[in-house]
Amino acid sequence: MTTTADPRPAAVPAVTTLDDVDRRALGRLTDEIARDIEAGSYDGVHVVLARHGQVVLDETIGYAERATGRPLQPDAVFRVLSLTKAFTNAMAYRALGEGRIALSTRVVDLIPEFLGTDPFHMLRKDKINLAHLLTHRSGMPPTPNPGLGPDRFGNLADVIEALSRVDVLFEPGTNLNYAPSINHALMGEMVRRAYGADSFRDLARQLIFEPLGMTRTSFGLPTALAGEAVPLKVYLPEGGFLSPEDIECLNRYITEDAEMPWVGSVSTAADVLTFAEMIRRKGEVDGEHLIAPAVLEQATTLQTGDMPNDLYAQMAVARGWEIPAGNFGLGFSLSGTGTAPNFFGPFTSPRTHGNYGAGSSLFWIDPDRDLTLVFLSAGVMEESENVARFQKISTMAVAAAL
């Protein structure tokens, strides 16, 4: 069964002028984004800022595809890359609140074949649980490839079969290393089996997208939305952690039938705002709680102490930056404290939480200022440049809160 999606766009609510928002600061923010696009740093952006649940900025700037001159439209559909993980996390949060799974549930409790046959690695794989996956402390390799060719990424059953042959690198729980693919592939399959669902893609629609009215969000790219999708165009130097083809191949492989719980969703700025606002409201949707507040309380609380994130620590060293703490809750990145560069910048409140996609997409919620930012961009940047970009954008956004 393939994913269907309503082709009618869900609009961002009308912009409101609030007394506790600095309009000049918002103007500086949009002017800076326009300068970045003009300079070729990226191609286009749909940016939305809301305070107290009311939209105070909604701007679509630049190109969907610079090479053809195609302008970015307000209802554009983005391949949001690892922002996808937020949707998979939310499915796990629902399963936790409904008692279908626990943080202590081991991967092998639901996916026994994951254990594999290597006696040395079986001892470690046997210990990996949902909490390890949510906090990127599973010890599995931090690779964008879950063990098979990208033409098979969209078949979740094939991915899970391949992961039975992938070895653990570290003792689970002992280090934090952001996992682009493996943790969320396993998490998605755990949730699917916990619900006894035939399809991860359909389960996501039932648990999250339909209750929220996210009509233009799905795992896989529905045929009805393909003409409005922003192509992934990558601006990366050769020799980095990812190559341009590692990402641009997803233009071909995020198909209507694809199930990639780590990177394979599409969405719009309006839908991501809807999702983020549900999180800001502690899981509430239309007077009922889609996700239990108690689960979100823990999900947005620091779980990883002062552990650095190995992947981003390497990046910081290469740039001559101070090494930041990893700052993970259960699935959410947190702002934390200090002045080391990070996606949310040093001026958001420490418990600001959100998710991001490689070189392109981000949302966060600052609970102290009651502020929500959504930023979806065309044109995928090199990741350290992306951190610098989002540190700047996040700082300018929070500067508008009076």
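Me: Which residues are buried in H11?
Reply: In H11, Ala269, Ala270, Asp271, Val272, Leu273, Phe275, Ala276, Glu277, Met278, Ile279 and Arg280 are buried (under 20% relative accessible area; exposed is over 50%, partly exposed in between; 1.4 Å probe, protein chains only). This is a predicted model: local features need pLDDT of at least 70, side-chain atom pairs count only at pLDDT 80 or more, and totals for chains, interfaces and linings use all residues. Residues are numbered from 1 along each chain as its sequence is written, and side-chain values use heavy atoms, leaving out hydrogens and water.

Me: What span should H11 have, and what does the model give?
Reply: Helix H11 covers residues 269-280, and its 12 residues should span 16 Å at 1.5 Å a residue. The expected span is 1.5 Å times one less than the number of residues. The end C-alpha atoms are 16 Å apart, which agrees. Helices (H or I, at least four residues) and strands (E, at least two) are DSSP runs, numbered from the N terminus.

Me: What follows H11?
Reply: Lys282, with a positive phi near 60°.

Me: Switching to E1. Which strands does E1 pair with?
Reply: E1 runs antiparallel to E2 (residues 54-65), joined by 8 bridges, and pairs in the antiparallel sense with E14 (residues 371-378), also over 8 bridges. Pairing requires at least two DSSP bridges between the strands. Ala50 has Val55 as its bridge partner in E2, while Val45 stands opposite Ser377 in E14.

Me: What sits between E1 and E2?
Reply: The hairpin leaves 2 residues between the strands, and His52 in the turn has a positive phi of about 55°.

Me: Are the faces of E1 covered or open?
Reply: Both are covered: Gly44, His46, Val48 and Ala50 are buried on one side, and Val45, Val47, Leu49 and Arg51 on the other.

Me: How many residues are in the largest nonpolar core?
Reply: That core has 95 residues, and those with the most contacts inside it include Phe114 and Phe275. A nonpolar core is a set of buried Ala, Val, Leu, Ile, Met, Phe, Trp, Tyr and Cys residues joined through side-chain atoms within 4.5 Å.

Me: What does Phe114 touch?
Reply: Beyond its neighbours within four places in sequence, Phe114 is in contact (heavy atoms within 4.5 Å) with residues including Leu163 and Leu186.

Me: How confident is the predictor, as mean pLDDT?
Reply: The mean pLDDT (confidence in each residue, from 0 to 100) is 94, and 97% of residues reach 70 or more. Over residues 1-7 pLDDT stays under 50.
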